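Please keep the structure open beside the text as you read.

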Amino acid sequence: SSSSGGGGSSTGSHLTSQPHNLLPIGLDMKGAKRNFFTDNNGSLSQSSMMGAHDYNLMSDSPATTPAHLHHVRRMTIVDTGASIKQQAAAINKLHESTSGNVRQRRDNLMSRLSNHWKALATELEEHRQDIVYLLMFYVIVIVLFLERFVSYSFLSEHMDLRHVMGFGIAITRGSAASLSFCYAMLLLSMCRNLMTWIRNMSVREYIPLDSHVKFHKIVAMTALVMTILHTIGHCVNFYHVTQQPVEHLRCLTKEMQFSGESRPTFFYWIFQTVTGTTGLMLWILCSIVYVFAHRQVRQRAYSFFWSTHKLYYLIYALTLLHGSSKLTGSPRFWIFFIIPAILFTIDKIMSLQAKLWQLEIFETECLPSDVIAIKFARPPSFKFLSGQWIRVACTAFRPHEFHAFTITSAPQDDYLSVHVRAQGPWTWKLRNLFDPTNLEYQKMMAKKKWAKKSGPQAVANGKELAVHSPFHDKLPPRIRIEGPFGGGNQDWCKYEVAVMIGGGIGVTPYASILNDLVYGTSTSRYSSVNYKKVYFIWICPSHRNFEWFIDVLREVEKKDVTQLLEMHIFITQFFHKFDLRTTMLYICENHFQQISNRSLFTGLKAINHFGRPDIAALLQQVQNKHSRVSKVGVFSCGPKPLTKSVTEACEKVNKRRKLPFFLHQYENFS
């Protein structure tokens, strides 16, 4: 027992100098989280020491205790005066501790309130544009509702509608005014060419263009609420009207004629009037659109979402017809509708020219992680910026169904390319179509080779090719596009310091951006901005899933003569708890990086990290390094958990209230 205790105390002194005894594994620099591997020997020795010590204490049983310690007499002498003084001192001490606790609680409460206020101020500052525009939207919606509601409730009789229908007419007219404004905003929020044009103007700083889809959804839900109110109001109106005599109805409206003395029933107003039938049809159409626009349905059946959303043409036509009978007043929907409709029509006409192009496919390649790369012809006079996106359709199947993809080719290239990850039915069909093991693909490639041998006339003339070709199928598939449209990542060139974060297939925008960056800085294309540094963070499960992007990074490093770009790669798919294999990989990578200044796995100068990055720590390092810059642009693209973590990191760093301030713009790939 004594030897065990001695060994325990020596081990205890050794552990005191190294209280944690942890071995750091993984990169602890440039924003990487510290990953720790517990030293089992140290932990076991510490637990052994503690066990031996506790055993000694517990072994002091009566059987082993000396006999003179068994019976001990205790004598207590009480001093009354000293006791009173001790009690008074104890009371004073208790009073001081109580007041100290109250003071500490008050300080903690004030500190908590101060932290909450700083967090709220940071949140409001970061989302001030969204908040202002939402506030403006809802103020207009409420004012329009109240103006019509008060007018029909108190100001004028409007052909005795108030006496006949009660407050139902006020609800109907108020919700109709708000609904008209919402329908107009739905059109404006989908004018993509207009928003792309605004992005090139100075006014873009005051308009949250990246939130136009969210705004579209909020407006749609507000329109749904107003539609329900409008329907309830009409049901109340029709019920009250059915209780009126026929002579009162003849005075109520001049637009409708009632023959005989029988009063029209509730079903008459619903099914035999223009207002009722168009309203019922609008309810059915809107229900279909809203159901198929739900996120779960949209992800699993995008073709149905796309087809049902095209019903908006019919919805707007029926809405114009809905008020033409002037049952409760003159229609006012056209006042809100006409200007957005003109802008939306112009926007569609601008996209129509690009839709008519059927572009030849130069090259396709099936890549790991179910990704397919498609390189196709660039239309004449087609201009775009790195970070922008296009809508793509394939003539081989569903030629009128377009899907959005980021352009991965650089603006200076003479072709266009996209990288598509197969996730839904349409993308899987696209990948399977160009799969080299597919027989249809082999026929298509043979047809393409025959067309090239036959000369340009055979390629241009579809009928001649169909007649003389040994393959009597239709022409090889081609690509149809719509765009380009502006995205959040295209604003990278407006910041002196930028941080770009891509996760998974979300790196596709940066294939174009990084090539454009090194090309533009070497040719003084972006001489208007004094670039200081661009940090690129790539988060991926493993290198082999995105080997094509490593080739892109290799070309970018060769062209980056100004050393403007700093890249880091984070590998998230490592073995559980950093086993021996992962530890050796890290040690070899770190050693090779120090010797050759290149990665052992990729051959790039970019540093490889194991684990997920600590974005907040990385941004703090950028903040400390570039303290003289007022704003840093943070751009992220990938799944929602990634962009959400980047948003939280920006909010955390911005709470420090130090320059530079981080502005986050992101795109979600799902």
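Helix H21 covers residues 547-559, and its 13 residues should span 18 Å at 1.5 Å a residue; the end C-alpha atoms lie 19 Å apart, which agrees. The expected span here is 1.5 Å times one less than the number of residues. Helices (DSSP runs of H or I, at least four residues) and strands (runs of E, at least two) are numbered from the N terminus. In H21 the buried residues are Trp548, Phe549, Ile550, Val552, Leu553, Val556 and Glu557. Buried stands for under 20% relative accessible area, exposed for over 50%, and partly exposed for what falls in between, using a 1.4 Å probe and protein chains only. An α-helix has 3.6 residues a turn, so residues three or four places apart point the same way.

Before going further, a word on the ground rules. This is a predicted model, in which local features need pLDDT of at least 70 and side-chain atom pairs count only at pLDDT 80 or more, while totals for chains, interfaces and linings use all residues. Residues are numbered from 1 along each chain as its sequence is written, and side-chain values use heavy atoms, with hydrogens and water left out.

In what order do the strands of the open three-stranded sheet run? The order is E6-E5-E8, and the pairing is antiparallel. Strand E6 (403-406) and strand E8 (479-485) are at the edges with a single partner strand each, so one side of each has no neighbour in the sheet. On average, neighbouring strands of this sheet are turned by 35° against each other, direction ignored. Strand E5 (residues 389-394) pairs with E6 in the antiparallel sense over four bridges; two strands count as paired if DSSP finds at least two bridges between them. Trp389 has Thr406 in E6 as its bridge partner.

Helix H16 packs on this sheet, where H16 touches E5 and E6, and its direction makes about 65° with that of E5. Such angles run from 0 to 180 degrees between N-to-C directions, with axes fitted to C-alpha atoms and, for helices, over the stretch in contact. H16 spans residues 425-433 and includes Arg431. Is Arg431 buried or exposed? At 12% relative accessibility, Arg431 counts as buried. Apart from neighbours within four places in sequence, Arg431 is in contact (heavy atoms within 4.5 Å) with Cys366, Leu367, Asp370, Val371, Ile372 and Ala422. Val420 is eleven residues from Arg431 along the chain, and their C-alpha atoms are separated by 8.3 Å.

Strand E5 also meets helix H13: the buried residues of H13 pack against helix H11 (274-292), helix H12 (295-300) and E5. Those buried residues of H13 (residues 302-309) are Ser303, Phe305, Trp306 and Thr308.

**Annotated spans and a buried loop residue**

An unreviewed UniProt entry places the feature "transmembrane region" at residues 131-155, 175-198, 218-239 and 266-292; such annotations may be inferred rather than shown by experiment. In the model, residues 218-239 are 100% helix and 0% strand, with end C-alpha atoms 32 Å apart. For residues 266-292 the figures are 93% helix, 0% strand and 31 Å between the end C-alpha atoms.

Ser189 sits in the loop between helix H6 (167-188) and helix H7 (192-199). At 6% relative accessibility, Ser189 is buried. Setting aside neighbours within four places in sequence, its contacts are Met195, His212, Phe215 and His216.

**Salt bridges**

Side chains of opposite charge can pair when their charged atoms come close. With a salt bridge taken as a side-chain nitrogen of Lys or Arg within 4 Å of a carboxyl oxygen of Asp or Glu, the count comes to seven. Among them are these:

| Pair | N to O distance |
|---|---|
| Arg148 and Glu147 | 2.8 Å |
| Lys494 and Asp491 | 3.2 Å |
| Glu363 and Lys375 | 3.6 Å |

Glu363 lies in strand E3 (residues 361-367) and Lys375 in strand E4 (residues 371-377), so this pair ties together parts twelve residues apart in sequence. Glu363 is partly exposed at 41%, and Lys375 is partly exposed at 26%.

Arg148 is buried, with a relative accessible area of 13%, whereas Glu147 is partly exposed at 39%. Asp491 is buried at 8%, and Lys494 is partly exposed at 32%. Arg199, Asp491 and Lys494 are linked in a network of salt bridges.
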